[in-house]
Amino acid sequence: KNSLAWKYYKAFKQAAGKTLKSIIITCVTRLQPFMTPQVVNLTKTDNLEIENIGNEKTALFVITPQADRTYAFLASMLYSQIFETLYYIGEQKNAKTGNPALPIPVRCMMDEFANIGEVPEFPSKLATMRKYNISAMVVLQDIAQIEAMYKDDWKTLVGNCSTSIFLGSSEPNTLKYFSERLGKKTIKSKSRGSSKGKNS
């Protein structure tokens with residue numbers, strides 16, 4: 001009865017009949033994806049050994065369908081769990097050695113970042129992950145994608161990226177954003193030439 005789960009359950013049970021039903025219906029709706037056989041099969045066991053990432057060389061491929069984002073939340077949950085676990089391991093290491101950095105660098109190459117779904121607390125994680133020897137490469141089609149996902153925090157997210165590579169876009173806001181970041185500059189060049197003709 002000292003469990004946090006028991007305390008929440010006790011508080012939940014104090015709700016009146018209709019409120020209780022509403023809470024249960026909301027809960028069932030939110031957990032609906034976990035009732036499909038494919039998701040049950042995917043999540044019923046854990047053999048990823050997330051805690052070993054950063055201690056031994058590992059390649060983990062997270063592939064989600066681009067056309068169907070129904071289960072994109074699973075990828076964002078996975079990233080969230082990876083960061084939480086590695087941060088915890090880093091803090092344990094810091095308590096023992098005074099250094100939170102993981103022995104092997106962890107590089108998250110997040111291509112098609114918009115298809116992953118919103119990773120909880122990602123802007124703050126991006127700001128602090130370097131000390132744990134973790135980094136992320138976020139790949140987007142345009143700025144509008146990151147604005148839609150992280151409405152208030154997208155500038156923080158972009159600001160915490162040390163390098164930006166722009167490969168071109170036709171989206172006006174993205175063009176304006178990079179144009180403003182580049183600023184104004186006048187380029188001067190000197191050249192010499194000679195023409196050969198009747199009067200040289």
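Trainee: What percentage of the 200 residues of the protein chain count as buried?

Mentor: This is a predicted model, in which local features need pLDDT of at least 70 and side-chain atom pairs count only at pLDDT 80 or more, while totals for chains, interfaces and linings use all residues. Residues are numbered from 1 along each chain as its sequence is written, and side-chain values use heavy atoms, with hydrogens and water left out. Buried means under 20% relative accessible area, exposed over 50%, and partly exposed in between (1.4 Å probe, protein chains only). Of the 200 residues, the share that counts as buried is 24%.

Trainee: What radius of gyration does the protein chain have, beside that of a compact globule?

Mentor: The radius of gyration is taken over C-alpha atoms, and the globule rule is 2.2 Å times the number of residues to the power 0.38. The C-alpha trace spans about 105 × 50 × 30 Å along its principal axes. A compact globule of 200 residues would have a radius near 16 Å, but the protein chain has 25 Å.

Trainee: How many Å apart are the end C-alpha atoms of helix α4?

Mentor: The expected span of a helix is 1.5 Å times one less than its number of residues. Helix α4 covers residues 72–97, so its 26 residues should span 38 Å.

Trainee: Which elements are included in what covers the buried residues of α4?

Mentor: The buried residues of α4 include Ala72, Leu74, Tyr79, Phe83 and Gly90. Contact means heavy atoms within 4.5 Å. The cover includes α3 (37–43), β1 (106–110), α5 (113–116), α6 (122–128) and β2 (134–138).

Trainee: Which residues does asparagine 115 touch, not counting residues up to four places away in sequence?

Mentor: Asparagine 115 lies in helix α5. With a relative accessible area of 14%, asparagine 115 is buried. Its contacts, leaving out residues up to four places away in sequence, are Thr64, Gln66, Arg69 and Ala72.

Trainee: With which residue does the side chain of glutamate 84 meet in a salt bridge?

Mentor: A salt bridge is a side-chain nitrogen of Lys or Arg within 4 Å of a carboxyl oxygen of Asp or Glu. Glutamate 84 is found in helix α4 and is partly exposed at 41% relative accessibility. At 3.1 Å, N to O, its partner is lysine 125.

Trainee: Is lysine 125 buried or exposed?

Mentor: Lysine 125 also forms a salt bridge with glutamate 121, whose closest N and O atoms are 3.5 Å apart. Glutamate 121 counts as exposed, at 54% relative accessibility. Lysine 125 has 8% relative accessibility and therefore counts as buried.

Trainee: Which residues do salt bridges that share partners join into one network?

Mentor: By this rule the count of salt bridges comes to three. One of them joins lysine 176 and glutamate 180, with the closest N and O atoms 3.9 Å apart. These two residues are separated by about one helical turn because they are four residues apart in helix α9 (residues 172–182). The network made through shared partners consists of Glu84, Glu121 and Lys125.
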